[in-house]
Amino acid sequence: MTEQIKYTKIEHIILQQNRAEKEMLAEFENGDYTIENPLVKYNAYLINPLSAVVLFKTDKEVAVTVRVIGKTPAATISHTFPKAKTHILPVLGLYSDYENTVEIEAYRGKKTTLKINVPDVFNGKKIIDYMQTTPEYLEDNIIVVSPAGQDLSTGFDFAGDARWHLTIPCVFDLKRLKNGNLIIGTDRLLKMSYYMSGLYEMSLVGKIYKEYRVPGGYHHDSFELPNGNLLSLTEDLRSDTVEDMCVEIDRQTGEVVKTWDYKNFLNPAKVSHSGSWTDEDWFHNNAVWYDENTNSLTFSGRHIDAMVNIDYETGELNWIIGDPEGWPEEYQKYFFKPIGNNFEWQYEQHACLITPDGDVMCFDNHHFGSKNPDKFAKASESYSRGVRYHINTEEMTIEQVWQYGKDRGAEFFSPYICNVEFYNQGHYLVHSGGIAYDKDGNPSEALGPFAIQAGGSINSITVEICNNTKMLELKVPGNYYRAEKLTLYTDGINLEMGDGQILGYINDSREMDTEVPAEACGELMPEFCNAHIEDEYDKFTFLSRFVKGDLVLLQLEKGDEIHRYYISTTSRPATAMCVGTFLDTDDRNTRTVISKTGLSGTYDVRVIINDKKYETGVQITC
Amino acid sequence: MLKEVTSQEFKEMYQDGVVVADFFSTTCGPCKMLSFVLADVDKTLGDKVKILKVDFDKNKDLTDEYKVVGYPTLIFMKDGVEVKRLQGLQQKPLIIKTIEEQL
């Protein structure tokens with residue numbers, strides 16, 4: 001009989017990458033690599049299988065162009081790097097399941113042609129239904145969709161070919177920073193269902209420069225401030241509420257330098273509810289936007305059907321965009337009065353943004369479509385849209401100046417997630433990433449992850465509109481949190497050498513302070529539980545199956561010191577599931593993350609199931 | 001004081017003082033944990049509060065009357081009037097704070 005449940009030590013991806021990079025550089029320094037005979041490292045940073053790094057030296061400083069030859073001439077992706085003698089160049093935009101041709105060409109000099117064989121990184125899975133656009137419109141941009149489920153981040157070119165992909169579940173939003181890097185949620189779960197350890201700043205080739213750990217975890221959205229600091233949506237892990245805080249993170253040190261608790265400007269007991277509202281998730285913050293013109297922050301709150309603007313410095317409430325029905329008198333002065341024709345409020349919206357001229361846009365999921373439960377729309381009668389409002393904060397009026405999607409009805413309806421992007425006047429992206437159908441093919445009342453569990457199907461549709469003409473439509477199977485248009489290369493630095501850093505910290509996990517009497521039976525956990533511990537340097541994850549309704553406590557014990565963590569074995573109906581990536585198809589399986597913060601020394605891990613305390617045979621060192 | 005009650009007993013006991021009604025199910029993990037938490041609360045507060053445990057499945061009339069839709073649900077009452085409702089497993093400090101606000 002085994003004396004220990006399954007135990008796996010997981011090394012942080014940044015540490016794996018640091019080692020891989022050192023090995024790559026050592027191989028490079030020990031060899032004689034020239035432009036005719038470069039060192040080629042496929043998937044050098046382990047998480048982007050549609051990339052490589054080529055390394056070589058030239059006698060003189062010279063600019064070099066890297067060219068991934070497209071399946072058609074228009075699909076070729078190239079970039080010219082500044083002159084240098086030592087060249088460590090990312091190769092981006094390789095095709096999956098293809099013998100790629102890559103040209104390396106010195107400025108007015110030698111050209112080397114390489115062949116890079118890439119396996120089918122999608123394992124035969126269908127990843128796209130269609131891309132409708134032209135090479136003239138999309139040029140060398142790709143449309144990247146970020147995960148809301150089991151499908152991972154992928155970028156598609158004008159032809160619908162995947163040219164960028166991550167093999168780790170970096171969830172929620174993905175944005176390009178001013179320095180050309182990406183900011184994206186980490187793949188490290190801090191708390192179910194989707195609260196992550198923080199943010200990764202990474203290059204497109206997949207090198208992670210920094211993990212910004214967020215004490216209360218990261219969810220949904222981040223934003224780069226003009227000074228380079230990062231806003232991250234978060235929460236207090238020890239609070240009874242979720243998704244109702246934002247922090248500003250120092251870009252260099254990773255320290256939290258400012259915190260906004262939404263309970264300071266809204267009273268959860270007084271806000272008007274959306275159809276998905278719960279006590280715990282009373283705000284459900286899914287987006288943040290900083291407006292330099294007014295030095296203000298706008299937060300999108302799905303569960304109050306509103307976008308809320310506060311002063312960056314004082315945190316005082318400035319205005320609220322949303323249906324004022326159900327809000328008490330004391331809040332009415334913050335609401336706008338609609339003017340003009342064809343005005344409609346947004347319901348359970350996502351991805352608020354402020355345009356350069358002060359208009360407010362969002363993806364109006366229009367879930368339920370009303371404040372009144374008697375008037376809640378069924379999925380089959382629903383629609384979603386991108387919408388732009390013009391607001392006058394002197395006269396407190398609001399006018400709807402643009403929308404897209406309403407006419408498409410339920411086919412474009414996403415009750416959750418999604419985004420809009422503003423490129424220029426009249427030029428927008430609208431991503432409906434949460435479309436779901438039940439097993440009979442009807443628009444699903446359940447959110448995507450639950451529709452799938454019940455035998456349904458899901459998809460995402462992304463469109464780009466220019467002066468009311470649709471210029472692009474991408475349809476992919478799977479729900480995707482957001483879509484962004486990116487070029488693979490930037491004019492800045494595309495790849496820098498040096499160790500990635502892990503900054504900041506995560507808060508300690510919430511403990512139960514009540515002791516549960518249980519007989520220490522000395523037995524290993526029952527085989528039925530299929531228990532497993534994944535140990536990381538700053539947290540560990542306990543995965544186990546239980547009978548529904550069991551009372552389960554995980555205990556860390558060191559002499560008289562006992563830390564108790566409750567594990568729920570009763571599934572609760574979820575009204576929000578913006579990222580279902582970590583959900584299990586068997587809802588008896590549980591996933592509990594324990595932060596090592598606040599713990600010190602070596603602890604025995606034991607588990608109480610009802611009235612018996614079992615051994616795991618595992619010790620955790622903190 | 002902590003006691004599991006029938007509908008009839010509940011109606012005899014809920015109108016005076018501070019009462020916490022715990023609507024629970026014997027098949028629910030969080031309810032089982034909450035029962036230990038409430039026992040702990042009872043130990044701390046003693047006679048200052050009546051904690052009445054109501055079996056969700058056996059007292060349909062009460063769950064309908066109080067529009068209890070899930071378990072565990074804690075309903076805090078002062079002299080028979082509901083003042084606060086909490087759904088799901090709660091920790092001892094929040095329960096004690098909510099009770100003390102009514103004392």
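A residue counts as buried if 20 or more other C-beta atoms lie within 10 Å of its own C-beta atom. The structure described here is a predicted model.

**Backbone exceptions**

By that cut-off Glu348(A) is buried, because it has 30 C-beta neighbours inside 10 Å. Glu348(A) sits in the loop between strand 24 (337-339) and strand 25 (350-354) of chain A. Its phi is positive, about 55 degrees, although Glu348(A) is not a glycine. Most residues other than glycine have a negative phi, and most peptide bonds are trans.

Ile417(A) also has a positive phi, near 50 degrees, and is a residue other than glycine. The loop between strand 28 (397-404) and strand 29 (419-424) of chain A holds Ile417(A). With 31 other C-beta atoms within 10 Å, Ile417(A) is buried.

Two peptide bonds are cis. One runs from Met192(A) to Ser193(A), with omega near 5 degrees. Ser193(A) belongs to the loop between strand 13 and strand 14 (195-202) of chain A. The other runs from Tyr71(B) to Pro72(B), with omega near 0 degrees. Pro72(B) is placed in the loop between helix 3 (60-65) and strand 4 (73-78) of chain B.

**The annotated cysteines of chain B**

An unreviewed UniProt entry places the feature "active site" at Cys28(B) and Cys31(B). Cys28(B) lies in the loop between strand 2 (18-24) and helix 2 (29-45) of chain B, whereas Cys31(B) lies in helix 2 of chain B. Both residues are listed below with their neighbour counts and with their contacts beyond four places in sequence.

| Residue | C-beta neighbours inside 10 Å | Contacts beyond four places in sequence |
|---|---|---|
| Cys28(B) | 22 C-beta neighbours, buried | Gly549(A), Thr570(A), Tyr71(B), Pro72(B) |
| Cys31(B) | 24 C-beta neighbours, buried | Phe24(B), Ser25(B), Tyr71(B), Pro72(B) |

The contacts of Cys28(B) include Gly549(A) and Thr570(A) of chain A. Tyr71(B) and Pro72(B), the two residues joined by the cis peptide bond, are among the contacts of Cys28(B) and among those of Cys31(B).

**Domains of chain A**

Chain A is assigned domain 1 (32-118), domain 2 (130-504) and domain 3 (512-621). The centres of domain 2 and domain 3 of chain A, taken over C-alpha atoms, are 32 Å apart. Their contact involves 28 residues of domain 2 of chain A and 14 residues of domain 3 of chain A. On the domain 2 side, the elements that give two or more residues are strand 13 (189-191) and helix 4 (448-453) of chain A. Helix 4 of chain A supplies the largest share of that side, 4 residues. By residue class, the side of domain 2 of chain A that touches domain 3 of chain A has 15 nonpolar, 10 polar and 3 charged residues.

**A four-stranded sheet**

Chain A contains an open sheet of 4 strands in the order 1-36-37-40, with mixed pairing. Strand 1 (6-9) and strand 40 (589-595) of chain A are the edge strands, each pairing on one side only. On average, neighbouring strands of this sheet are turned by 15 degrees against each other, direction ignored. Strand 36 (residues 532-535) and strand 37 (residues 539-545) of chain A form an antiparallel pair over 4 bridges. Asp535(A) stands opposite Phe540(A), a residue in strand 37 of chain A.

Key: Residues are numbered from 1 along each chain as its sequence is written. Chains are lettered from A and ligands numbered from 1 in the order in which they are written. This is a predicted model: local features need pLDDT of at least 70, side-chain atom pairs count only at pLDDT 80 or more; totals for chains, interfaces and linings use all residues. Domain bounds come from an automatic or database domain assignment. Two residues are in contact if their C-beta atoms, placed from the backbone, lie within 7 Å. Ala, Val, Leu, Ile, Met, Phe, Trp, Tyr, Cys and Pro count as nonpolar, Asp, Glu, Lys and Arg as charged, and the others, Gly among them, as polar. Two strands pair if DSSP finds at least two bridges between them. Axes are lines fitted to C-alpha atoms, for helices over the stretch in contact, and angles run from 0 to 180 degrees between N-to-C directions. UniProt positions are given in the numbering used here, feature names are shortened, and annotations may be inferred rather than shown by experiment. A residue is buried if 20 or more other C-beta atoms lie within 10 Å of its own, exposed if 12 or fewer, and partly exposed in between; C-beta atoms are placed from the backbone.
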